[in-house]
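User: Hi, could you walk me through this structure in plain words?
Analyst: Gladly; here it is to look at while we talk.
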Amino acid sequence: MTFPAQLRTWGFSLLPLLILLQASLIRADTIRLEQVIDSVMGKYPPYLIALIERDIAAGRVRQASGAFDLNFRATGSFNPTGYYENNVGDFVLDQPLPFWGGNVFAGYKISSGSLADYDKNRTQIDGEVRAGIRLNLLRDGSIDGRRATLWKARLDQEIADPFIQRQQLDIVRAATRAYFNWVSMGLRLGVTEQLERIAEDRDSAIAELAKKGQVAPIVKIDNERLVVSRSLAVVQARRRFEAASIELSLFYRDEKDDPAVITRYNLPGSFPQLVQPNEKKVGPDIQNAFSLRPELRRIRLVAEKFGIDERLAKNNLLPNLDLTATVSENLGGGPYKDRERTESAIGLEFRVPLQRNEAKGRLEVITAELQRLDADAKFARERIVAEVRDAWSAIKAANEQIGMTKRNVELAVLLEDAERKRFEQGAADLFALQIREQATFDARLLEVDARAEFFRSQAEYEAATAMKLRVLSQPPVSATHPPAASR
C-alpha cells in the first residue's frame, strides 16, 4: 500500500535543534555565560559574604594596631590637712615604639605647698617637664607580643584573599555548570517537543486515512498512544528545564539584585563554539596552578604566622635587659634649690625566667604545626595535579563523545528517513517507524548531553587550574609589614 501525499506532511526527519532554536528565539534577550559570571562577581550573596572577610581582617589589623596608640595619663593628689599640705598634678604622654619593644614618653608635673625633701613630686613654681625612652635590649627587643599580634593580623588580612579566591573558584564553577545544565535542559526540551510534534502531525493524517478505510483503526490508536507518551515526556522535560532555570536564577540576578526570572526566550541559539583541547597545555597549566591556586598561598601565609609565633617563643626564652633614659627640667624659681639644675638618669634592669616551660612548650607545638603544614602543602599539590588531570580526562572524553554522537545522529536520521519511505510505500508498519524515530531522538539527546558535559568539564578544568581567577584589588595597608627577621 502506498500512502498519498497527505501523509508526507509529517514524513520528514528532525531538523537540527540548534537551527530551530536560533530561528524561534531570534527576538529573545539571550543570557550568555559572561553575563552570569559578571552577575555572580557583583551580586551573588555568598560571594559578597566572602568579601566581608576582608573587612573583618582589616578591622582586626586596626584593633591590633591599638597597642601602639598614643596614651595620655593624668594623676593628681591633694593633701589639705596634715604636716605636709600640698597638691600635685602629673600629666604624661606615652608613645609605644614599633621597634625594640620600647616607648618614649614626655610629661609635665607641678606641685604646690610643702613636700618632704625626699619626695620626688617636688617641682619649682612653674612645674617640671621631662622626657625619656625605654628600650628592651634582649627579650622583647626584636619581637614582642604587641608586634607579633599586629604582624599576624596583617597576615590574616592577606589570608582573607585566598579564602575569597577559593570561594570565587567554587562559585564560578557552580554557576558555569548551572548555566550549561540550563542550556542542556532547554535543548532537550526542544528535541522532546519536536518528537511530540511529529506524532501529532501524523495523528491528524492517519485519522483522515482511517475514515477513508486506507489504514486500520488500530494504527490510529497506536499513534494516539504515542502522542500521549511523548506529551508525557515533554512535561517531564519542561519540569527539568524549569528546575534548571530556577537554579540558574540564583546566580543570574536582576537590577534589584533579586534572582532573575529566566524563561525559554532567554536561551542562546546554541552551545558556544567548541575549542579543541590541546594536551600540550596540561603540564604548564599544572605548574601555573601551583602558583595560582589559593590553597597553597593560604598554607604559605599560615606558615608565616607560625614563623612569627616561633620567633616570639624564642624571644621568651631570653632574659630581660631593659634600658631607661630620662631627662627633666624644672621651670621658674624656688622654692627648692636642689631642683634648679637639669637632671638626667640612665637605668638598666635585668630579669631572667628560670624554667621557661611556656616558651619551650610553645616551640614544640609550633614545630609540629609546621610539619603538619608541610604535609598539607605536599598533599595540596598532589590534589591539584589529580584534579587537573581528571578534568582534562573528562574534557578529552567529552570531545570524543561529541564526534561519535554527531555521527550517531547522522546515521539515525538516515535510518529514520529510509524507514519512513518504506512506511509510506507500505513496506513497513508504524511500530518500526516509531523505533527509528525514538533512536533519532535518543541520539540527539546524547549529542546534547555530550556537548553539555564538555563545557561542564571545561569549567572543572578552569577551576582546577585557576586560570580564570580574577585578581582581587589590594586594600591599602596602614603600616609596613616587616619581614620575618626584621625588627
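Analyst: One definition before we start: two strands are said to pair if DSSP finds at least two bridges between them. Please also keep in mind that this is a predicted model.

User: What about strand 1 and strand 2, how do they run?
Analyst: Strand 1 (residues 71-79) and strand 2 (residues 86-96) run antiparallel and are joined by nine bridges, with Asn71 standing opposite Asp94 of strand 2. Their hairpin has six residues between the strands, and there Gly82 takes a positive phi near 120°.

User: Switching to helices: at what angle do helix 6 and helix 8 cross?
Analyst: The axes of helix 6 (residues 282-292) and helix 8 (residues 357-424) cross at roughly 145° and come within 10 Å, and the crossing is right-handed.

User: Which residues make that contact?
Analyst: Helix 6 contributes Val282, Ile286, Ala289 and Phe290, while helix 8 contributes Arg381, Ile384, Val385, Val388, Arg389 and Trp392.

User: And by class, how many are nonpolar, polar or charged?
Analyst: The contact of helix 6 with helix 8 has eight nonpolar residues and two charged ones, with no polar residues.

How values were computed. Residues numbered from 1 in each chain as written. Predicted model: local features only at pLDDT ≥ 70, side-chain atom pairs only at ≥ 80, totals over all residues. Heavy atoms only, no water. Axes fitted to C-alpha atoms, helices over the stretch in contact; angles between N-to-C directions. Helix = DSSP H or I, 4+ residues; strand = E, 2+ residues; numbered from the N terminus. Left-handed = near helix turned anticlockwise from the far one by under 90°. Contact = heavy atoms within 4.5 Å. Nonpolar A, V, L, I, M, F, W, Y, C, P; charged D, E, K, R; others polar.
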